[in-house]
Amino acid sequence: MQAVESNPSWKSRIVGGVYRVRRRIATGFAVLLAVFFGFHVMFGRNGLNAYEAKRVEDKTLQKQIESLHAENDRLKDHIDHLQSDPDAIEHEAREKLHYARPDEVIYTLNDAPHPADQAPVTQARR
């Protein structure tokens, strides 16, 4: 009867050893999987670094949109003034298009040439 009892304990030791090894392999695999997913969450294509870069880009684009809206509003006001205000129309015609009223004489002065534009005149004396 002793031989019969030693046989189940030997089998139970082998089964217990295989179970422990299998648990260690599964635990190691779970740790490796967790490290992989953690790395992917931090540095992956849609990770936290990419998310932070997208947030910075979003803020920059929002500022650009706000400045373009402000410029658009300014240009709309300018258009409204040109459509309704005769003084604004006259100012644009005079400044941008160089128009004048009938019987009005406009004098323009030539700008003095810049010293860098003038070539020095030198004459050799003998």
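The chat below goes through the helices, the surface and the charged pairs.

Me: What sort of model is this, and how are the residues numbered?

Reply: This is a predicted model, in which local features need pLDDT of at least 70 and side-chain atom pairs count only at pLDDT 80 or more, while totals for chains, interfaces and linings use all residues. Residues are numbered from 1 along each chain as its sequence is written, and side-chain values use heavy atoms, with hydrogens and water left out.

Me: Ok, what secondary structure does the protein chain have?

Reply: The protein chain has three helices and zero strands, and from the N terminus on its elements run α-α-α. Helices (H or I, at least four residues) and strands (E, at least two) are DSSP runs, numbered from the N terminus.

Me: And how much of the chain is buried?

Reply: Of the 126 residues in the protein chain, 5% count as buried. Buried means under 20% relative accessible area, exposed means over 50%, and partly exposed lies in between, with a 1.4 Å probe and protein chains only. The chain exposes about 12600 Å², of which carbon and sulfur atoms supply 59%. Such accessible areas come from the Shrake-Rupley method with a 1.4 Å probe, and for residues only the protein chains shown count as cover.

Me: Which residues of H3 are buried, then?

Reply: In H3 the buried residues are Ala 88, Glu 92 and Ala 93. They lie on the same side of H3, because they cover an arc of only 135° around the axis, where the arc is that of the directions from the helix axis to the C-beta atoms.

Me: What do they pack against, and what is on the face turned away?

Reply: The buried residues of H3 pack against H2, whereas the face turned away from the buried side carries the exposed residues Pro 86, Asp 87 and Glu 95.

Me: Glu 92 has a charge, so what is around Glu 92 in there?

Reply: Glu 92 is buried yet has no salt bridge, and the nearest side chain of opposite charge, Lys 96, is 4.2 Å away. For charges, Lys and Arg count as positive and Asp and Glu as negative, while His and the chain ends are not counted. A salt bridge is a side-chain nitrogen of Lys or Arg within 4 Å of a carboxyl oxygen of Asp or Glu. If neighbours within four places in sequence are left aside, Glu 92 is in contact (heavy atoms within 4.5 Å) with His 78, Leu 82 and Leu 97.

Me: How many salt bridges are there in the whole structure?

Reply: A search of the whole structure finds four. One of them joins Glu 52 and Arg 55, whose closest N and O atoms are 3.9 Å apart. Both of these residues lie in helix H2, three residues apart, which is about one turn of the helix.

Me: Which pairs involve helix H3?

Reply: Arg 101 forms a salt bridge with Glu 90, with the closest N and O atoms 3.0 Å apart. That pair links distant parts of the chain, since Arg 101 is in the segment after helix H3 (86-95) and Glu 90 is in helix H3, 11 residues away. The side chains of Glu 104 and Arg 94 also meet in a salt bridge, at 3.0 Å from N to O. Here too distant parts of the chain are linked, with Glu 104 in the segment after H3 and Arg 94 in helix H3, 10 residues apart.

Me: How are Glu 90, Arg 94, Arg 101 and Glu 104 linked?

Reply: Glu 90, Arg 94, Arg 101 and Glu 104 are linked in a network of salt bridges. Glu 90 counts as partly exposed at 28% relative accessibility, and Arg 101 is partly exposed as well, at 49%.

Me: Changing topic, which residues form the nonpolar patch on the surface?

Reply: The patch is formed by Phe 39, Val 41, Met 42, Phe 43, Leu 48 and Tyr 51, with about 630 Å² of accessible area together. The elements giving two or more residues to the patch are helix H1 (2-43) and helix H2 (48-84), and H1 gives the most, with four residues. Patches are made of residues with over 30% relative accessible area and no salt bridge, where like charges are joined within 9 Å and nonpolar side chains (Val, Leu, Ile, Met, Phe, Trp, Tyr) within 5 Å.

Me: Last one, what is the phi of Asp 103?

Reply: Phi of Asp 103 is near 65°, a positive value in a residue other than glycine. Most residues other than glycine have a negative phi. Asp 103 lies in the segment after H3 and counts as exposed, at 84% relative accessibility.
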